[in-house]
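Please look through the sequence and the model below before reading on. The paragraphs that follow go from the chains and their contacts to a group of annotated residues, and then to a pair of helices.

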Amino acid sequence: MTKPTNTGGGPLIALGCEGSANKLGIGIISHDPTTGKTAVLANIRHTFVSPPGTGFLPKDTAKHHRTFFARIALAALRAAKVTPSQLACICYTKGPGMGAPLQSVAVAARTLSLLWDRPLVGVNHCVGHIEMGREITGATNPVVLYVSGGNTQVIAYAEQRYRIFGETLDIAVGNCLDRFARTLAISNDPAPGYNIELLARKGGAVLLDLPYAVKGMDCSFSGILGAADILAAQMRAQDKILETEGPGALKEGETRITPEDLCFSLQETVYAMLVEITERAMAHVGSAQVLIVGGVGCNERLQAMMGSMAAERGGSVYATDERFCIDNGIMIAHAGLLAYETGFVTPLAESTCTQRFRTDEMLIKWRDD
Amino acid sequence: MTDDTEPQQFPLPAILTYPSSKTPELITQGAEGRLYKTTYLLPSVPCALKYRPPKPWRHPVLDARLTRHRILSEARVLVKCRREGVAVPAVYAVDEAAGWLALEWVAGAPVRVGVNEWLRRRRDSERAAGRGGDAVVTGDAPGDADLVALMRRIAGALGRMHKVGIVHGDLTTSNMMLRPWGEGRERPANGHAGGQGDGLLEGEIVLIDFGLAGQSTSDEDRAVDLYVLERAFASTHPRAEALFSTVLESAYREAFKQAPIVLKKLEEVRMRGRKRSMLG
Amino acid sequence: MKEPEKAPPAWLETIRLEHVPETHSVHVAVFKDIENAEFLHQQLLGRNADFEYAFIDASSVVSRLQVLSAIFKSITVQLNGAMKTPNIHSEIVSSLSPTKNISEAYRRYGITPTSKNIIVVRVLISPSTLTAEDVEKHLVDNVQGVSRPLDDKTLSGFTDWSKIRKYYKLNGVGWVDALKDVGVKSKEMEMLVLGGMSLRGL
């Protein structure tokens with residue numbers, strides 16, 4: 001095992017590579033041990049956007065990451081104005097995520113490690129989100145809601161682990177939103193969830209009835225997606241009737257379903273569920289801080305609802321903007337460097353990646369509170 | 001940035017703003033809502049008023065729907081339990097539109113308090129005798145009889161509840177009360193130690209807080225109920241963890257005919273719990 | 001629930017209920033062996049405004065707490081503006097029922113031409129032109145029966161248990177029947193009755 005090399009007390013610099021889903025991100029971070037300050041030197045991202053009505057497939061996404069990796073890495077080095085020799089380590093996402101994209105980025109990270117003779121640090125993607133969120137917002141010991149296309153978890157720290165108090169029992173909330181965007185053939189550019197949010201802002205005349213599925217601190221989204229899909233089908237049937245029979249052809253008292261109201265109702269329902277399970281976890285651990293991380297964390301309606309809940313409990317919500325809440329390389333660099341500073345490195349032979357990697361599997365050696 | 005939770009002054013539900021002999025006392029502020037100790041009808045009838053305040057961040061239509069549904073569901077489950085002879089608080093009154101539920105006040109202390117105090121005293125006496133004091137409770141020592149008897153009563157209460165088609169959804173030792181044995185009430189023949197201890201663990205088990213409960217006869221749901229309690233028990237009373245599988249399981253078998261199937265499911269749930277992994 | 005016995009029993013007892021606004025005052029009376037049930041029933045059917053009372057058939061009642069509970073619920077519903085019947089007194093009668101069926105509730109819990117023992121409730125809401133004395137006088141003048149106190153001992157003498165078991169669906173509660181202590185048993189029955197009332201078939 002390579003010992004951490006600190007070049008004479010100056011700042012430690014790490015490069016992080018992220019590609020667990022459709023974003024390829026490379027970031028460069030510096031930790032100054034004397035001041036304790038963290039600086040983001042570069043945070044470059046390139047997203048694989050699939051056409052409306054489709055999702056990103058592992059094969060195509062992996063190809064995207066392979067195609068762009070060298071370009072993005074060079075851009076990051078240039079933006080940070082650092083040379084490979086200044087790097088303390090190369091950090092990469094070990095998991096969880098989609099197999100093929102994870103692998104293509106792991107291969108690239110290994111290549112950099114061998115090419116530049118720098119040690120590797122494998123990072124848990126979720127821990128990356130949490131640590132970057134804590135760093136950016138200054139939240140010290142929050143309950144964390146981690147919401148993305150692949151994950152939905154309520155997490156709180158205890159005894160050197162990020163413990164999962166609640167999670168989805170089926171699909172992730174982001175996956176539910178992405179798939180509903182496909183149902184409505186909403187654009188995936190820049191992100192399906194963002195376009196749903198824009199439509200939802202125009203809706204709200206009615207709240208359409210969707211199932212509400214919370215079980216303790218766990219929740220479920222597949223039933224909601226199914227019900228929303230059925231409503232969308234009803235809407236298309238209404239479109240057809242109105243088109244052939246003219247206005248006023250709908251049954252007396254029938255609600256005219258619109259994409260805006262569908263998006264509004266879906267958001268109101270799933271975000272209320274997320275706020276509820278987060279509140280339950282806060283009551284359980286006695287915390288008044290909540291940090292939202294992950295791609296869905298960009299949603300302003302979710303942030304506003306969470307803020308109102310936290311305020312009522314005498315606390316506040318911490319959220320980051322799209323640079324940090326959407327998958328990025330800087331969070332991998334940051335969490336990796338934190339681990340590296342405690343003496344952790346990933347030997348080349350063990351520098352694998354894994355689709356399944358629970359947040360609570362990683363020992364958080366850098367925290368002792 | 002505020003790290004500390006400021007003490008909050010919560011507005012009372014309208015019903016508690018009308019005159020009463022004693023000022024309503026806020027007992028707990030959970031995520032579900034607030035619990036007040038107050039009176040029902042007469043100054044001599046203590047009552048627990050569970051209030052689910054409106055959640056302003058939730059769409060008002062959704063909020064009203066959820067509040068109504070949950071108040072009614074909890075009331076229905078409690079009424080059903082009571083009819084079937086499972087010891088739970090009686091339901092006095094329900095106002096699902098205003099978001100409150102008035103329940104019989106259950107005297108006594110939560111099981112958690114009794115068990116922790118019992119474990120503390122046991123440790124102190126062990127230490128006084130020159131031993132380490134952190135030995136796990138196996139249930140075999142003569143001094144363990146009270147705790148074993150308590151576990152048997154808990155298992156009996158759970159078996160009875162499951163038998164009538166109710167799952168609790170949030171079993172912890174905080175959600176069970178030890179109510180002093182009432183006059184004229186028969187005590188169970190087994191599951192009662194016979195009072196050689198200090199009385200800390202004496203009393204009838206009354207299950208409370210059915211906010212997440214539901215009607216179900218699924219063995220999977222019952223197993224999850226036991227699993228939740230097992231995890232809560234292990235984290236709340238680590239030194240008595242071993243008693244869970246030994247005493248609780250065997251007494252549950254005696255209380256509930258369907259128990260073997262539920263306990264087999266429990267084994268599966270445990271395995272899943274340890275292995276549960278998610279896709280990225 | 002044992003309240004201290006009121007001695008000597010007044011014609012009309014005024015009760016201060018917990019969590020009821022000052023504007024509402026509650027007055028109750030019990031009459032045994034009434035002779036003019038048919039007349040009283042007629043006044044209700046004829047909507048005689050002078051007879052705006054809750055006339056409860058005491059055979060369908062197990063305890064004082066049950067009556068007070070019905071009164072409390074009706075006041076709550078009236079305050080919420082959510083009454084399902086014409087007035088607070090008809091609301092009290094229907095509040096005794098564990099179902100939503102209002103006409104059934106009147107039949108089962110209200111006075112009938114053959115009622116023997118009745119409980120009378122009057123809720124005065126200020127500003128009201130009437131006083132407790134007016135109410136008492138009106139009852140003395142119009143109800144032909146023996147005044148009794150509203151207490152559990154008196155009420156238990158009037159209870160028709162077969163009715164109670166049927167109305168509140170208490171025929172399958174073998175564990176209560178098996179209780180040996182009479183006091184514990186009737187308390188438990190009372191709790192089951194209150195539970196049934198609280199749900200009103202919801």
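How many residues of chain C are in contact with chain B, and how many residues of chain B are in contact with chain C? In this model, which is predicted rather than determined by experiment, 27 residues of chain C are in contact with 29 residues of chain B. On the side of chain C that touches chain B, the elements that give two or more residues are helix H2 (64-79) and helix H9 (182-199) of chain C, and the largest share, eight residues, comes from H9(C). Sorted by class, the residues on this side of chain C are 16 nonpolar, seven polar and four charged.

Chain A and chain C, by contrast, are joined by no contact, and their closest C-alpha atoms lie 20 Å apart.

We can now turn to chain A, where an unreviewed UniProt entry places the feature "binding site" at His125(A), His129(A), Tyr146(A) and Asp327(A). These residues are spread over 203 residues of sequence, and yet they cluster in space, with a largest C-alpha distance of 11.7 Å.

Two of these annotated residues can be followed further. His125(A) has its place in helix H3 (residues 125-137) of chain A, whereas Tyr146(A) has its place in strand E6 (residues 143-147) of chain A. Is His125(A) buried or exposed? His125(A) counts as buried because 29 other C-beta atoms lie within 10 Å, where 20 or more are needed for that description. Tyr146(A) is likewise buried, because 28 other C-beta atoms lie within 10 Å. If residues up to four places away in sequence are not counted, Tyr146(A) touches Cys126(A), His129(A), Ile130(A), Asn151(A), Gln153(A), Ile155(A), Val293(A) and Gly294(A); one of these, His129(A), is also placed by UniProt under the feature "binding site".

The axes of helix H5 (residues 192-202) and helix H7 (residues 259-285) of chain A come within 7 Å and cross at roughly 110°. Since angles of 65 to 115 degrees count as roughly perpendicular, H5(A) and H7(A) are therefore roughly perpendicular to each other. Their contact is made by Ile196(A), Glu197(A), Leu199(A), Ala200(A) and Lys202(A) of H5(A), together with Pro259(A), Glu260(A), Cys263(A), Phe264(A) and Gln267(A) of H7(A). By class, this contact of H5(A) with H7(A) has six nonpolar, one polar and three charged residues.

Key:
Residues are numbered from 1 along each chain as its sequence is written. Chains are lettered from A and ligands numbered from 1 in the order in which they are written. This is a predicted model: local features need pLDDT of at least 70, side-chain atom pairs count only at pLDDT 80 or more; totals for chains, interfaces and linings use all residues. Two residues are in contact if their C-beta atoms, placed from the backbone, lie within 7 Å. Helices (H or I, at least four residues) and strands (E, at least two) are DSSP runs, numbered from the N terminus. Ala, Val, Leu, Ile, Met, Phe, Trp, Tyr, Cys and Pro count as nonpolar, Asp, Glu, Lys and Arg as charged, and the others, Gly among them, as polar. UniProt positions are given in the numbering used here, feature names are shortened, and annotations may be inferred rather than shown by experiment. A residue is buried if 20 or more other C-beta atoms lie within 10 Å of its own, exposed if 12 or fewer, and partly exposed in between; C-beta atoms are placed from the backbone. Axes are lines fitted to C-alpha atoms, for helices over the stretch in contact, and angles run from 0 to 180 degrees between N-to-C directions. Angles under 35 degrees count as roughly parallel, over 145 as roughly antiparallel, 65 to 115 as roughly perpendicular and the rest as oblique.
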